[in-house]
Amino acid sequence: MEVAAIFLLFCLLLVHKTHAAELNTISDSRFLTDQDTLVSDTGIFELGFFTSSSYEKNIYLGIRYKKIHVTTLVWVANREQPLARASAHVLKITEPGILVLLSNMTMIWSSNMTTESMNATAKLYDTGNLVLMDQHEKVIWQSFDYPTEHWLPGMKIGNDYLRGKEWHLSSWESSQHPLVGEFIWGVEKHRYPDDKLKQGSEVKFRGGLWKNLRFKGVSSFTRNLTITYNVTVNEKEASFVYNYEKSSTLVRITLSSSGKLESWGWVEGGNNWLLGLSFPKDLCDTYNICSTYGSCVINMIFQSCVCLDDKRFVPRNKKAWEMGDWTDGCVRRTPLECKNGSETFIKYSNVKLPDTYNSWFNMSMNMQECKAQCLENCSCMAYANPEYTSLEGRGCLLWFGELVDLRVFPEGKGVFPTFSISGSQDQRYEKGKSRPFEKLPFNYVCVCIEEQKE
């Protein structure tokens with residue numbers, strides 16, 4: 001029966017319109033051939049059969065910017081199974097509501113939904129999201145749930161705990177071939193969101209804790225561009241999304257085949273994409289380059305590691321450290337003794353917060369409760385308010401064990417967290433190292449690291 005149905009489909013294909021058409025929807029009676037494109041409402045994006053470059057012989061079902069002469073595929077359905085030029089291709093909706101890509105009567109790709117939905121339709125939105133809806137316009141599948149190497153405005157990165165779905169980027173094999181490459185950028189499950197760029201299982205770069213932010217005047221592209229970052233952290237999902245206010249600039253973020261997170265902008269009237277930011281950008285962006293309690297420093301001459309606070313920490317292997325081997329990290333000058341009432345905390349400003357791999361969070365706790373919670377556990381080394389702003393400053397983040405992937409930034413170099421390491425009471429507000437939490441500028445995060453009282 002299935003073979004007969006496919007054969008009937010290709011018989012219908014023979015009598016399908018013989019000229020290229022721009023469709024606005026796909027349904028069980030209207031399908032997409034290799035002559036057609038599915039176009040978004042205002043013509044920003046189009047879905048069709050394309051090659052990834054002028055050198056590529058294979059064909060892919062993908063989404064690209066319609067009005068830009070430089071072919072820029074932002075999503076590819078069949079990246080693992082490219083199509084041959086000499087074959088007949090069709091994308092249609094089959095019962096019970098599944099998008100199917102066929103080539104020479106063979107199924108190459110499908111939306112693979114288990115939910116049955118009659119009279120489904122597919123539409124491409126101006127966001128670049130291909131959406132499959134039921135007869136009541138309820139979303140049953142969308143391409144934004146299956147990112148490739150592009151992170152578009154409005155697209156989530158993170159985890160959907162209810163559906164067991166992970167939103168992450170995966171690089172192309174090369175700049176010419178959409179085959180899945182060796183780099184992934186995403187978020188580890190069930191911890192406070194902390195994005196990581198990995199090559200296989202090895203972490204190469206960590207962006208740091210997520211925060212709600214708003215940037216005006218991105219000088220790399222245009223001063224009229226305003227970008228916002230929005231964070232959702234609850235029992236249902238942990239997600240990070242960005243958007244930009246109406247502008248003549250198109251913005252996208254990619255994970256390159258060489259393992260770079262890059263932001264790009266296309267200004268109206270331009271002839272090419274302009275590169276804005278690229279990470280990792282220097283030695284200090286290397287994941288955990290200075291190991292435990294170490295911080296990477298950049299000046300005009302060199303990049304090197306120092307202990308986070310030379311009054312409280314020293315290199316574990318001083319000789320190797322001085323030779324530029326920082327793998328052993330730093331240790332406390334005075335080991336902690338876990339006794340009731342004997343510990344306090346020291347605050348540090350302008351610090352990239354530690355890796356949250358060994359962490360715990362509760363978004364309903366205040367800072368007093370957070371500190372008390374940390375003091376109750378001898379393995380708790382630090383606490384912070386991640387300042388998830390929709391919770392009006394509430395929120396508790398605890399770290400356990402040694403702290404890794406730290407970095408101190410110079411004053412005035414942007415909005416960076418504030419970080420506190422435990423120390424003696426008279427050192428708590430030492431000039432140049434810390435300040436009262438209530439007076440911290442911008443949206444700084446205070447991390448308090450445990451240290452023995454003197």
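Biologist: What makes the pair C307 and C330 a disulfide?

Modeller: In this predicted model, the sulfur atoms of C307 and C330 are 2.2 Å apart. The cut-off for a disulfide is 2.5 Å between cysteine sulfur atoms, so the pair at 2.2 Å qualifies. The torsion about the S-S bond is -95°, and the link is left-handed. C307 belongs to strand β27 and C330 to strand β29 (residues 330-332), so the bond ties together parts that are 23 residues apart in sequence. Both C307 and C330 are buried.

Biologist: How many disulfides does the whole structure hold, and which cysteine is joined to C284?

Modeller: The search finds five disulfides. One of them joins C284 to C296, with an S to S distance of 1.9 Å. C284 sits in the loop between β25 and β26, whereas C296 is in strand β26, 12 residues apart. This link is left-handed, with -70° about the S-S bond.

Biologist: Why is the disulfide of C290 and C305 called left-handed?

Modeller: Its torsion about the S-S bond is about -80°, so the disulfide is left-handed. The S to S distance between C290 and C305 is 1.9 Å. C290 lies in the loop between β25 and β26, and C305 in strand β27 (residues 303-307), 15 residues apart. Both cysteines, C290 and C305, are buried.

Biologist: What else is found in the loop between β25 and β26, and where does P280 lie?

Modeller: P280 lies in that loop, between β25 and β26. The peptide bond from F279 to P280 is cis, with omega near -5°. N288 also has its place there, and its phi is near 50°, a positive value in a residue other than glycine. S291, in the loop between β25 and β26, has a positive phi of about 60° although it is not a glycine.

Biologist: Why is S291 counted as buried, and N288 as partly exposed?

Modeller: Buried means under 20% relative accessible area, and exposed means over 50%. S291 has 11% relative accessibility, so it counts as buried. N288 has a relative accessible area of 22%, so it falls in between and is partly exposed.

Biologist: How do you know that D282 and R407 form a salt bridge?

Modeller: The closest N and O atoms of D282 and R407 are 3.9 Å apart. The limit is 4 Å between a side-chain nitrogen of Lys or Arg and a carboxyl oxygen of Asp or Glu, so the pair at 3.9 Å meets the criterion. D282 is in the loop between β25 (274-279) and β26 (294-298), and R407 in strand β35 (residues 407-408), 125 residues apart. D282 is buried, with a relative accessible area of 19%, and R407 is buried at 9%.

Biologist: What parts of the chain does the salt bridge of K123 and D41 tie together?

Modeller: The side chains of K123 and D41 meet at 2.7 Å, N to O. K123 is in strand β10 (residues 121-124) and D41 in the loop between β3 (37-39) and β4 (45-50), so the pair ties together parts that are 82 residues apart in sequence. K123 is buried, with a relative accessible area of 16%, whereas D41 is exposed at 57%. The structure holds 19 salt bridges.

Biologist: Which residues have the most contacts inside the largest nonpolar core?

Modeller: They are L32, L47, L91, L99, L130 and W151, in a core of 76 residues. Strand β21 (residues 222-233) gives the largest share, five residues. Apart from this core lies another, of nine residues, among them M365, M367, C374 and Y383. L130 touches residues including L38, L47, I63, W75 and L99, not counting those up to four places away in sequence.

Note on methods: Residues numbered from 1 in each chain as written. Predicted model: local features only at pLDDT ≥ 70, side-chain atom pairs only at ≥ 80, totals over all residues. Heavy atoms only, no water. Core = buried A, V, L, I, M, F, W, Y, C linked by side-chain atoms within 4.5 Å. Buried < 20%, exposed > 50% of the residue type's maximum accessible area, 1.4 Å probe, protein only. Helix = DSSP H or I, 4+ residues; strand = E, 2+ residues; numbered from the N terminus. Contact = heavy atoms within 4.5 Å.
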